[in-house]
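User: I have a model open and want to talk through how its parts pack. Can we go through it piece by piece?
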Amino acid sequence: MTDTIARFIGFSARQLPDDVTAKLRELREKETGALPKVLYEAMFRNMELAAELSRPSCQDTGLVQFWLRCGTGFPLINELEGLLREAVLQATAETPLRPNVVEAFDEYNTGTNVGRGVPCVHWDIVPGWDGCEIYTYLAGGGCALPGYATVLMPGEGYAGVSRFVLERLTEYAPNACPPLLVGVGVASSAETAALLSKKALLRPVGSHSENERAARMERLLEESINALGIGPQGVGGSYTVMGVHIEHAARHPASLGVGLSVSCWSHRRGHLFFDRELNCTAASHAGFQP
Amino acid sequence: MTTYKDGRRILSAPLSDDDLRSLRIGDIFYLSGTLTTGRDAVHRRVVEEGRALPVDLRGGVLLHAGPIVRPLEGGGWEMVSIGPTTSMRMEKFEYEFVKATDVRLLIGKGGMKENAARACRDFGCVHCVMPAGCAVAAALSVEEIVGADWLDLGMPEALWTCRVREFGPLIVSIDAEGRNYFEEKKAEYRRHKDEQLARLAKELAFRE
């Protein structure tokens, strides 16, 4: 299992998930400006070269994050955190990934992509199940910069939420490598909203919330962010986002928490599933051989 | 020196004043010659600690980047992946950095602001951006790593001096007159934002 995950991390540093590639292809066709065309040409040439030469497609291979949906009956549940850490060490040496982990306060690079609290592992425990889903995410530094969470007065309402998102993106999106995938969390407090906004980035590109109003807001925000005119890499264009995903939780009557996370166009998210016999499938990347 | 090949405009480093002054915001070109990578930690050493760079950047090119480099058997280094990093992180230091090093072309990702624009105006310097996330294509334009300095800063922060060929495409973001492409575009984006917020406020009045 460690080997498979290590190889998958390397693979996902070289090849974007199928849904992201398809969306970029669609946006490339729709952009008409001269600068966007030059940029998309460079982006697609790079994607082909990265796959062909087996190299990380972006030099910033990010901090490795894992989101687990793990059954309590999964045979390796106790070993999981240890083997994920081992997989990161292995992938760093073999791919190679850029060493990106700087210890806080001591301010030195560990050189291994492992450090205090890194790789970051989030758990969703599923009682009575024997499978394990692993979302991998290579989170680059540049697209972490727009990240923000705050708590609004409920009277500001969903118009306030959209103001928060648009103001932040107008200032920060041009530098975060658009077209972006935008994750918005709506909850009660800063940390719940922030966490949901990141989780929203793990959904397939262009999927919609099961809540009808949230889904409508996703569409409206997508139109409005595109209408800002920021375009690929901030040079100006008709499409700034690959999608807007909203995840939500119930809130306190007196608070409206809102969080924002974005991913760059090179959205290196992966999804693995292991059954109890450790048979593996990679739903995000049809080209990966487990 | 400026040459043209297959419709591409190619500038050779070191760049002359004429080369630099011929560049206008929004122009696209490619670079051949030598460049050196440097980002946060390099800027802090030069500006905050007053240390001299071990590389001569006079009239030269600084790339805001932290590459992936692999040691070669038998010595030397191979460029695996290289791409621009967010230039805005260097904004705070850039005027003093350009003044101290006499570097003339800055390459990075995303725009910079008034401090960098003032350096461009005062010293005839240019900032440009290259497509980000295109690190393999860029690495293939690196012919050789000819210098590795300040390796104690770690791989992403060290000074990697590279001989490059037709490195790009590069898009001029701040020209030697101090015109700033991204700041001008941002004024448009802000206008659009106000229009969109008015629209969204009407659409998003959800009640119980």
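Predicted model: local features only at pLDDT ≥ 70, side-chain atom pairs only at ≥ 80, totals over all residues.

User: Which residues of helix α6 in chain A are buried?

Analyst: A193(A), A194(A), L196(A), S197(A), K198(A) and A200(A) are buried in α6(A), which spans residues 190-200.

User: And α5(A) against α7(A), at what angle do the axes cross?

Analyst: Roughly 35 degrees, and the axes come within 11 Å. α5(A) covers residues 157-172 and α7(A) covers 212-227. The crossing is right-handed.

User: Which residues meet there?

Analyst: From α5(A), Y158(A), S162(A), V165(A), L166(A) and L169(A); from α7(A), M217(A), L221(A), S224(A) and I225(A). By class, that contact has seven nonpolar, two polar and no charged residues.

User: Switching to domains. How is chain A divided?

Analyst: Into domain 1 (1-140 + 267-290) and domain 2 (143-263). Their C-alpha centres lie 22 Å apart.

User: How many residues are in contact between the two?

Analyst: 18 residues of domain 1 are in contact with 20 residues of domain 2. On the domain 1 side, the elements giving two or more residues are α2 (18-30), α3 (34-53) and β3 (132-139) of chain A. α2(A) provides the largest share of that side, five residues. By class, the domain 1 side has ten nonpolar, three polar and five charged residues.

User: What about the contact between chains, how many residues from each?

Analyst: 45 from chain B and 47 from chain A. On the chain B side, the elements that give two or more residues are β5 (68-71), β6 (77-81), α5 (135-140), β10 (159-174) and α6 (181-203) of chain B. The largest share of that side is 14 residues, from α6(B).

User: And the classes on the chain B side?

Analyst: 25 nonpolar, eleven polar and nine charged residues.

User: Last topic, the largest nonpolar core. Which of its residues touch the most other members?

Analyst: I9(A), L180(A), V184(A) and V126(B), out of 146 residues in that core. β10(B) gives the largest share, nine residues. The core also draws at least three residues from each of domain 1 and domain 2 of chain A.

User: What is L180(A) in contact with, leaving aside neighbours within four places in sequence?

Analyst: C143(A), A173(A), T240(A), V241(A), M242(A), V262(A), S263(A) and C264(A).

Terms used: Residues numbered from 1 in each chain as written. Chains lettered and ligands numbered in written order. Axes fitted to C-alpha atoms, helices over the stretch in contact; angles between N-to-C directions. Helix = DSSP H or I, 4+ residues; strand = E, 2+ residues; numbered from the N terminus. Left-handed = near helix turned anticlockwise from the far one by under 90°. Contact = placed C-beta atoms within 7 Å. Nonpolar A, V, L, I, M, F, W, Y, C, P; charged D, E, K, R; others polar. Buried ≥ 20, exposed ≤ 12 C-beta atoms within 10 Å, placed from the backbone. Core = buried A, V, L, I, M, F, W, Y, C linked by C-beta atoms within 7 Å. Domains from an automatic or database assignment.
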